[in-house]
Amino acid sequence: MAKIAFKVSARAGKLLGRENFSNPEGAIMELVKNSYDADAKNCLVLFDIPTKKIKDSDGKEIEIPIKEQSILYIIDNGEGMTKKVIEDHWMQIGTGNKEKDYISDDERTKTGAKGIGRFALDRLGFETEMWTLSKTAENNIGSFWKMDWNQFDESEKAISQIEAELVSEKIKLTEIIKSITENNQVIAKAIEKINFDKGTIIKISNLKDDWFDDETSSVFKSLEALIPPKELNIPFEVYFKHFQQLKEFGKVETAFFNDYDYKLKATYNAETLNIDFEITRNEIDIKLLKKNFPDVYKSKKHPYDLETIENKTFKYSKSIDKVLKWKLNDSNKTLLKDVGSFDLTFYYLKFSNSLKEGYPFKSVIASERKSTLERFGGVKIYRDSFRVRPYGDPTNDWLRLGARVAQSPAGAGQRIGDWRVRPEQTAGIITISRMNNPLLIDKSDRGSLQENDSFETFKKIIVGVIHEFEFDRTKILNPIFLYNRKVKEKLREKELQKRAQALAEKIVARRKKVEESIYGKRSKIDLFQEKKEEEEKKTYEKAFKDTFKAIDDEKAEQENQEIVQVRSLASLGLVVSSFAHELKDIRDDSIEIKRLEDIFNKITPEEIKKQIEYDDGKDILELLNENSDRIIHWVDYALTAIKKDKRTRGSFKFSGFFKSLKTSWSKIFKKKDITLNIYDNIKDSSYDFRAFEMDMSTIFTNLINNSIDSFNNLNEIQVRIIEIIVEFKNEQIEILYSDNGVGLDDVFEDKEEIFLPFKTAKRDRKGKEIGTGLGMYLVKSVIDDNNGTIDVLEPKKGFSVLISFPTRKK
């Protein structure tokens, strides 16, 4: 059988190039990357865009570029190319030399790999000239290369028929540059210290695009974001000039942050699955802290103690399972290792300080910070030192930090771990490489990375790392928030006392005035009467103070009712979510199922009833009946949970509540072979405790929910027990809740982390959270709102918490 070869038309080759460079700006970036790959220390991007005046449709005179006369130069002092390199590599489309030899002589990892970068020249203009002098050249003999890209439009030509001009000649790059710039003093001064004893000059003529001022400015801004940031310490500088606007532009500056509130450096090791952290706190004014809050960090442990805060920077290491709250197994270990090792430097810069919060922050210059973040903000990815677009662009919240803020809008100090950073107040540099991160692959158009499993896991790790900073900031600010809240409460008490005292004095004074008008003024001092008046004032003061406080509390309580309802509905949602798998197949027809048994009996012939299949049918109907009972139970539970009387705070008795709780869960526990033991040691005690019944339901619904999940994760058959012990000690209601399930997941290094919002160890194979992470957060919120405490205990088996509520003194 004969074999025939494919033929590739010139036009197809051109289309391939255009597909990879959809806009001229991207083509320029590609050429600058080529300069970097050639070990250049310096790269010049020069625009020569003459203009002409025309009148627009309104008769107004405007200036437009003359494309046919426009020229773009890319000049570098890299290693240059020999004639052989031009023939064997530069002229071969799709060459793999950079893929094979991806480390340069100066040990840079080359950014190109597809061998189609020269099509960037075609994207920019119709003609290209190139002068190149290799670092190995003798007697300044280099190469001059010239290409007419119009050849690719000749439809009858094959790509092998496209030819360029190539000659060897003596080349002095500095003289060519002077000739190009016509000895312009501004450009000459800028490059006078740059050595051009080797390198390449590319001249692109008859440009294909109109380069207006906005377009050239956009290239300059893109170069700022593209080239290696100063933090990477790579000797590569880009100089940008426009011949017709010599006072504009200049050296391309890269991001460097020395004014920030927080700096976090993280190194992820894909082999050990460990992350090394270095956090620098630069937000607190230490003098102000010591002056206004001298004791708030006295009993705190490292790294939240005053000494560490003064030192600013501290380091620690953490395993990836602890960072992500993702228990490791063979499957997710592979995912985490496939990502590859990388580094992240993250900055947080807030725009202003809120005086209302009262934190001892350093002063900030908002305008400067906003300007810096507008130019260099966003968490950006750099592969082998060059920017990967569009990550970190102003409108590209690729880590969904904004969505996290919407989910958890709490202030930084209100609750430990609640606060989430806003994307517009962040900057970051993530460094990956072709060698370490082979599965973080460019899309074919070089516009972004392929969204595969490795990229999704990569994002999870970065968000987990950022949360380490968020957690640290809340841990630092929370003690100050609590201190300020106590101070505000004391001031409130003082104000109430002042108002009560003034009103009491006014009433006593008026009473005395009335008595004097009737009985006349006493002529001598009556010590007994003075004592009586003093007691009278105190009585009035206490009555008024209690009244004012009750009015304030009632107002706060009314505001809190809506929060209680929302929280209870969220809790109910968690319950329904947890049992969704049991309810999916049993919906609207649950009541009709009850009739199936009668119908089945009537339509089944007597001779069939003696067969084993009939008994199987009866068993199936029995199961359907049980499922029907379950769904009816859950509907009843949902309706009960939102009754109006449960949304009103009143005198609350735990004995009746736990009796009702046991009844409402009995059918579910029976189905799941769970025993609920309640030891009520306060049924005969006298106490005064006020609460929303809905709040108490929220607490124990979520605890029971977690226990059921825990029992489902047991690896062996055992007795399943939930135990609740209620006692009255030292004017406190103490409730010990325990189960004998699998216990708290060991990914929670700090037990208190289970109370953070959206913290869950429930994940699917790819690490996607399948739990809401709100259950224990709601539990803690309710307990806090009722002035209680919850402590996570360490039982030998299972899970246990101790909940305490203060009672009112009678």
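Predicted model: local features only at pLDDT ≥ 70, side-chain atom pairs only at ≥ 80, totals over all residues.
Colleague: In which strand is Glu61 found, and which residues gather with it in a patch of negative charge?
Modeller: Glu61 is found in strand β3, which covers residues 61-65 and supplies at least two residues of the negative patch. On the surface, Glu61 gathers with Glu63, Glu68, Asp210, Asp213, Asp214, Glu215 and Glu248.

Colleague: Which element gives the most to the negative patch?
Modeller: Both β3 and α8 supply at least two residues of this patch. With three residues, the element that gives the most is α8.

Colleague: How far apart are the end C-alpha atoms of helix α8, and what span should its residues have?
Modeller: Helix α8 covers residues 213-226, and at 1.5 Å a residue its 14 residues should span 20 Å. The separation of the end C-alpha atoms agrees with this, for it is also 20 Å.

Colleague: Which residues of α8 are buried?
Modeller: A residue is called buried when its relative accessible area is under 20%. In α8 the buried residues are Thr216, Val219, Phe220, Ser222, Leu223, Glu224, Ala225 and Leu226.

Colleague: Is Val487 buried or partly exposed, and which residues form a nonpolar patch with it?
Modeller: Val487 lies in helix α15, residues 453-519, and because its relative accessible area is 32%, Val487 is partly exposed. The patch has about 260 Å² of accessible area together, and the residues that form it with Val487 are Tyr483 and Leu491.

Key. Residues numbered from 1 in each chain as written. Heavy atoms only, no water. Patch = residues over 30% accessible without salt bridge, like charges linked within 9 Å, V, L, I, M, F, W, Y side chains within 5 Å. Areas by Shrake-Rupley, 256 points an atom, 1.4 Å probe, with all protein chains shown as cover. Salt bridge = Lys/Arg side-chain N within 4 Å of Asp/Glu carboxyl O. Helix = DSSP H or I, 4+ residues; strand = E, 2+ residues; numbered from the N terminus. Buried < 20%, exposed > 50% of the residue type's maximum accessible area, 1.4 Å probe, protein only. Expected span 1.5 Å × (residues − 1). Lys, Arg positive; Asp, Glu negative; His and termini not counted. Charge placed at Lys NZ, Arg CZ, Asp CG, Glu CD.
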